[in-house]
Amino acid sequence: MATPVTVYGPPLSTAVSRVLVCLLEKDVPFQLVPISMAKGEHKKPDYLKIQPFGQVPAFQDDEITLFESRAICRYIAEKNPSKGTMGLFGTNPLVKASIDQWLEAESQSFNPPSSILAFQLVFAPRMKLKQDEALIKQNEAKLVKVLDVYENRLGESRYLAGDEFTLADLSHLPNTQYLVEKANRAELFTSRKNVGRWWDEISSRPSWKKVVEMQNAPPQ
Amino acid sequence: MAIKLYGAPGSTATLRVRACLAEKDLDYEFVNVDMGAKEHKKPEFLSRNPFGQVPAFEDGDLKLFESRAITQYIAHAYADKGNDLIIKDVKKMAIQSVWMEVESQKYEPATSKLIWELCLKPMWGMPVDEAVAEENEKKLEDVLDIYESRLSESKYLGGDGFTLADLHHLPNLKYLMGTKVKKVFDARPHVSAWASEILSRPAWVKATATVA
């Protein structure tokens, strides 16, 4: 029986949840080591040894230590090609290229405005920080442009990279969850027919529902 | 010609792909996209890149956008040509992948904002926002401190050899070395040595030969 892999970080973190949903999709058993960011545990020397940027998540299995959630996801998918959701990172180079393309689009175009919005609208109030209205407006405008591109794409294709759910779709789950459920920005997604349909489908996957349960569970 | 690259000569993302094609010794047709005439926002180009950005890429029937997806495709599809840019071993490739993400998530945002302020705005007679430049210079310094540490343990960012993890940095590096921000690279000995080395690679010199 394989040793469970280790993920460091709180499930509430978007980047941590990206890795958790990938592990669940691939049926890879894991243990979660909580890192209290409120107590600054992510900036302590022991943690910096495995994640020099002092961010979550970090990941370990019996062979390797990694950071950067998208690199971790790619590794998990590459290492477990026949487990769980098979086509998660493609079964041939051409499909993989398409998945990489939309994973990069998520990374370069969707992530920056959506994570700033999630921070401003959800985390800042929780941390009693003042919200920056100009920044919110600016990033909503950027996100809207990206969602317009997605609306077109998802009218041609069931999922971003093709007919199957892949890492490219998965990577969008964490930030969108916050925007739809906690930031009162559901309308951005649901007002677009294809994007709305896609969000319903991907967020209803049992793997993501399980992650959301972990996020909503009382702190340990 | 099977491989076509649609881009603009000064575009960092276009250069990223050109660097990769040069390292792999591949012939391709370069199709100029006239950004001054807003060609990149017109329907024909949008069918190649719906985000209206350069570059876009074609290899036979395969059409791609996003420079870092294109370079990864090239590196895998043409693994047996030119220089190795990816590693076969799954574990070693995972480490390379970490540093490719670092470039994407940490180096790119800070450096692209600096390039916008210090290189592009002046070119178009727009006023520089010193506060933004300062903020991003500080962010870049924090990132380069970690690079300094990494490069003191590892010859290249992704491992023992030059890979996409290093290559992806080249375009933004080229621009910043022509600005006052050069000093933050020079101030860190391992980073400085790494930067000089990768900037002097024959493939990079070739890829930038036709660019001002």
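Does E66(B) count as buried or exposed, and at what relative accessibility? At 9% relative accessibility, E66(B) counts as buried. Buried means under 20% relative accessible area, exposed over 50%, and partly exposed in between, with a 1.4 Å probe and protein chains only.

1. **Basis.** This is a predicted model: local features need pLDDT of at least 70, side-chain atom pairs count only at pLDDT 80 or more, and totals for chains, interfaces and linings use all residues. Residues are numbered from 1 along each chain as its sequence is written, chains are lettered from A and ligands numbered from 1 in the order written, and side-chain values use heavy atoms, without hydrogens and water.

2. **Make-up of chain B.** Chain B has ten helices and four strands. Helices (H or I, at least four residues) and strands (E, at least two) are DSSP runs, numbered from the N terminus. The order along the sequence is β-α-β-α-β-β-α-α-α-α-α-α-α-α.

3. **Overall form.** A compact globule of 212 residues would have a radius of gyration near 17 Å, and chain B agrees, with 17 Å. That radius is taken over C-alpha atoms, and the globule rule is 2.2 Å times the number of residues to the power 0.38. The C-alpha atoms of chain B fill a box of roughly 50 × 45 × 25 Å along the principal axes. Of its 212 residues, 55% count as buried.

4. **Strand 1 of chain B.** Strand 1 covers residues 3-7, and four of its five residues are buried. Four bridges join strand 1 to strand 3 (residues 56-59), running antiparallel. Here K4(B) stands opposite E58(B). Four bridges also join strand 1 to strand 2 (residues 29-32), running parallel. In that pairing, G7(B) stands opposite N32(B). Two strands pair if DSSP finds at least two bridges between them.

5. **Helix 3 of chain B.** Nine of the eleven residues of helix 3 (residues 67-77) are buried, so the helix is largely enclosed by the rest of the structure. Among the buried residues are R68(B), Q72(B) and Y73(B).

6. **Backbone points to check.** E66(B) lies in the loop between strand 4 (62-65) and helix 3 of chain B. Its phi is near 75 degrees, a positive value in a residue other than glycine. D27(A) also is not a glycine, and has a positive phi of about 55 degrees. D27(A) sits in the loop between helix 1 (14-25) and strand 2 (30-33) of chain A.

7. **Cis peptides.** The bond from V54(B) to P55(B) is cis, with omega near 0 degrees. P55(B) lies in the loop between helix 2 (43-46) and strand 3 of chain B. In chain A, a cis peptide bond joins V56(A) and P57(A), with omega about 5 degrees.
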